2 protein chains.
Amino acid sequence: MRSFLVVGHKFRGDINLNDLPGSGRIDVIARCINASIFLSHDIRRDVIFLAYFPQISARIKIDSSRVKYLNPDERSTAALIRNAIIKMDDEEICSSPGFYVKRESFREVIEEIKSLGRIYYLHEKGEDMRGIALSDKSAFILSDSVNFSPEEEKMILEFADARISVGPRSILASHTITIVHNELDRRGL
Amino acid sequence: MRSFLVVGHKFRGDINLNDLPGSGRIDVIARCINASIFLSHDIRRDVIFLAYFPQISARIKIDSSRVKYLNPDERSTAALIRNAIIKMDDEEICSSPGFYVKRESFREVIEEIKSLGRIYYLHEKGEDMRGIALSDKSAFILSDSVNFSPEEEKMILEFADARISVGPRSILASHTITIVHNELDRRGL
């Protein structure tokens with residue numbers, strides 16, 4: 001089981017499918033979903049993907065073992081996110097197969113991902129991933145195009161088991177997820 | 001200098017920005033451009049990206065050192081590809097800053113990428129990239145969601161210096177490019 005939590009800081013709940021970057025950079029989240037779940041002509045069946053949107057206290061969960069109707073492109077993925085957000089409530093709702101949505105605090109979503117495995121906080125200044133032991137139940141936390149606030153980071157560090165990096169350059173969140181998967185694939189985890 | 005050639009087998013020249021997968025899987029090419037060029041809040045300035053579309057004998061070249069108006073999302077990238085294809089001629093045309101388009105044969109595009117560096121043919125059954133020497137002028141050839149035809153593969157192997165893989169799983173073309181960059185970044189190439 002591999003889990004990812006990506007925080008979409010700019011998203012306020014509205015999605016214009018013809019302007020995903022202008023919709024609170026929901027294109028970033030769509031690409032992170034692509035990177036988390038897709039293989040060539042197949043999907044990874046052992047992934048939990050969480051997106052958290054602090055501006056609207058929304059948590060989306062994708063359970064890849066149950067997902068249907070998910071395609072690799074940004075627009076169709078954003079349409080599934082839009083559908084989930086429209087249905088959001090205090091109780092968890094299944095908005096489409098494998099997609100779940102709920103109103104939650106940031107602490108609650110961190111506690112949720114903590115229950116899924118060892119937490120690795122992805123950070124440019126973290127320890128090189130290639131040099132450290134990784135669990136077969138790993139949960140990775142990363143930000144979108146905006147850095148975590150000091151309050152968010154404090155909470156992440158309270159729960160994180162390690163702070164790791166994937167390489168020497170500062171890269172996009174979706175690319176980071178791809179490299180994490182590759183390292184875990186190589187180790188057979 | 002790092003170069004990538006991705007062959008888009010299904011693309012016939014028409015792009016509907018509201019249906020990129022239905023436009024000959026141009027979403028795949030857009031994501032490969034994203035993976036080739038973008039860093040976090042920056043772009044890589046040492047990349048030549050080539051896309052070749054055999055059904056219309058079209059070759060697009062992106063010179064990242066000259067590119068402007070390129071954003072990470074699929075739709076705006078597809079709009080730049082559409083603009084290039086509309087302007088295609090036998091002579092090379094600069095369709096927008098850093099974007100160049102030309103009618104060419106597959107052999108011509110292979111010869112073009114050969115002039116840019118050592119050619120590494122990315123293939124699931126290739127030798128593990130982590131175990132081999134890589135040049136600081138490397139050119140990588142990979143396919144979209146469709147395998148190369150026997151004729152295409154024969155021509156690639158005629159020019160390729162090595163056949164390499166990035167890991168044990170069969171993954172998307174854009175994800176492969178991300179992992180290639182990470183390995184080169186780590187080696188300081």
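A residue counts as buried when its relative accessible area is under 20%. The legends below describe close-up views of a predicted model.

**View 1. The aromatic pair of A:Tyr120 and A:Phe140 is stacked.**
A pair of aromatic rings is described by the distance of the centres and the angle of the planes. For A:Tyr120 and A:Phe140, the ring centres are 5.4 Å apart and the planes stand at 25°, so this pair is classed as stacked, because planes under 30 degrees apart fall in that class. The two residues come from distant parts of the chain: A:Tyr120 belongs to strand β8 (residues 118-128) and A:Phe140 to strand β9 (residues 138-143), 20 residues apart. A:Tyr120 has a relative accessible area of 1% and is therefore buried. A:Phe140 is likewise buried, at 0% relative accessibility. Over all chains, the structure holds 10 aromatic pairs.

**View 2. Eight strands of chain A form an open, mixed sheet.**
The strands follow one another in the order β6-β7-β5-β4-β1-β9-β8-β10. Strands β6 (93-96) and β10 (162-165) of chain A stand at the edges; each has a single partner strand, so one side of each lacks a neighbour in the sheet. On average, neighbouring strands are turned by 30° against each other, direction ignored.

**View 3. Strands β1 and β4 of chain A pair in the parallel sense.**
Six bridges connect strand β1 (residues 2-7) with strand β4 (residues 47-53). At one of these positions, A:Val7 has A:Tyr52 in β4(A) as its bridge partner.

**View 4. Helices α1 and α2 of chain A are roughly perpendicular to each other.**
The axes of α1 (residues 26-37) and α2 (residues 74-86) come within 9 Å and cross at roughly 105°. From α1(A), the residues A:Ile26, A:Asp27, A:Ile29, A:Ala30, A:Arg31 and A:Ile33 meet A:Glu74, A:Thr77, A:Ala78 and A:Ile81 of α2(A). The residues of this contact comprise six nonpolar, one polar and three charged.

**View 5. Helix α1 of chain A is roughly parallel to helix α5 of chain A.**
The axes of α1(A) and α5(A) (residues 173-187) come within 8 Å and cross at roughly 10°. That angle makes the two helices roughly parallel, because angles under 35 degrees are classed in this way. On the side of α1(A), the contact is made by A:Arg31, A:Cys32, A:Ala35 and A:Ser36; on the side of α5(A), A:Ala173, A:Ser174, A:Ile177, A:Thr178 and A:His181 take part. By class, four residues of this contact are nonpolar, four are polar and one is charged.

Methods:
Residues numbered from 1 in each chain as written. Chains lettered and ligands numbered in written order. Predicted model: local features only at pLDDT ≥ 70, side-chain atom pairs only at ≥ 80, totals over all residues. Heavy atoms only, no water. Pairing = 2+ DSSP bridges. Helix = DSSP H or I, 4+ residues; strand = E, 2+ residues; numbered from the N terminus. Axes fitted to C-alpha atoms, helices over the stretch in contact; angles between N-to-C directions. Parallel < 35°, antiparallel > 145°, perpendicular 65-115°, else oblique. Contact = heavy atoms within 4.5 Å. Nonpolar A, V, L, I, M, F, W, Y, C, P; charged D, E, K, R; others polar. Phe/Tyr/Trp six-rings, centres within 6.5 Å; stacked < 30°, edge-to-face > 60°. Buried < 20%, exposed > 50% of the residue type's maximum accessible area, 1.4 Å probe, protein only.
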